[in-house]
Amino acid sequence: MKVIIYGSDICGDCLDTKAYLKEHADSTVQYIYFDITKSTANLKRFLKLRDTLDLFQEVREKHTIGIPLFQFEDGTYLLSQEEAYKKMGI
């Protein structure tokens with residue numbers, strides 16, 4: 001399973017996600033972590049999703065960020081860490 005994760009190393013939930021995956025993910029889970037605060041390209045890539053996906057409606061209304069974001073190869077997007085881990089089987 002391939003997963004793209006959008007986050008930031010200044011976000012506690014994102015750091016928890018990185019640590020959890022490092023400890024629990026096996027070779028069946030391949031993930032790429034895009035730190036949205038490390039480059040403008042990463043930020044633009046995330047903002048395009050945040051500004052257009054219905055998943056972010058509440059996030060936009062509350063003026064929060066919406067990370068970590070999990071993007072799965074089947075086209076699924078999840079904001080819940082627990083749901084994402086379950087989908088990954090870990």
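1. In this predicted model, D51 and R50 form a salt bridge, with 3.7 Å between their closest N and O atoms. D51 is partly exposed, at a relative accessible area of 46%, whereas R50, at 14% relative accessibility, counts as buried. R50 is classed in this way because buried means under 20% relative accessible area.

2. The count of salt bridges comes to four. Another of them joins K62 to E58, whose closest N and O atoms are 2.8 Å apart. Both residues belong to helix α3 (residues 57–62), where they are four residues apart and so separated by about one helical turn. K62 is exposed, with a relative accessible area of 54%, while E58 is partly exposed at 49%.

3. A salt bridge also links the side chains of K18 and D9, at 3.0 Å from N to O. K18 is partly exposed, with a relative accessible area of 29%, and for D9 the value is 29% as well.

4. Which residues of helix α4 (residues 81–88) are buried? They are Q81, A84, Y85 and M88. These residues lie on the same side of α4, because they cover an arc of only 100° around the axis. They pack against β1 (2–7), α1 (12–24), β3 (69–72) and β4 (77–78). The face turned away from this buried side carries the exposed residues E82 and K86. Just after α4, G89 takes a positive phi of about 80°.

5. D13 lies in helix α1 and is partly exposed, at 41% relative accessibility. Leaving aside neighbours within four places in sequence, D13 is in contact with P68 and Q81. The C-alpha atoms of D13 and F70 are separated by 12 Å, and the two residues are 57 residues apart along the chain.

Note on methods. Residues are numbered from 1 along each chain as its sequence is written. This is a predicted model: local features need pLDDT of at least 70, side-chain atom pairs count only at pLDDT 80 or more; totals for chains, interfaces and linings use all residues. Side-chain values use heavy atoms; hydrogens and water are left out. Buried means under 20% relative accessible area, exposed over 50%, partly exposed in between (1.4 Å probe, protein chains only). Helices (H or I, at least four residues) and strands (E, at least two) are DSSP runs, numbered from the N terminus. The arc is that of the directions from the helix axis to the C-beta atoms. Contact means heavy atoms within 4.5 Å.
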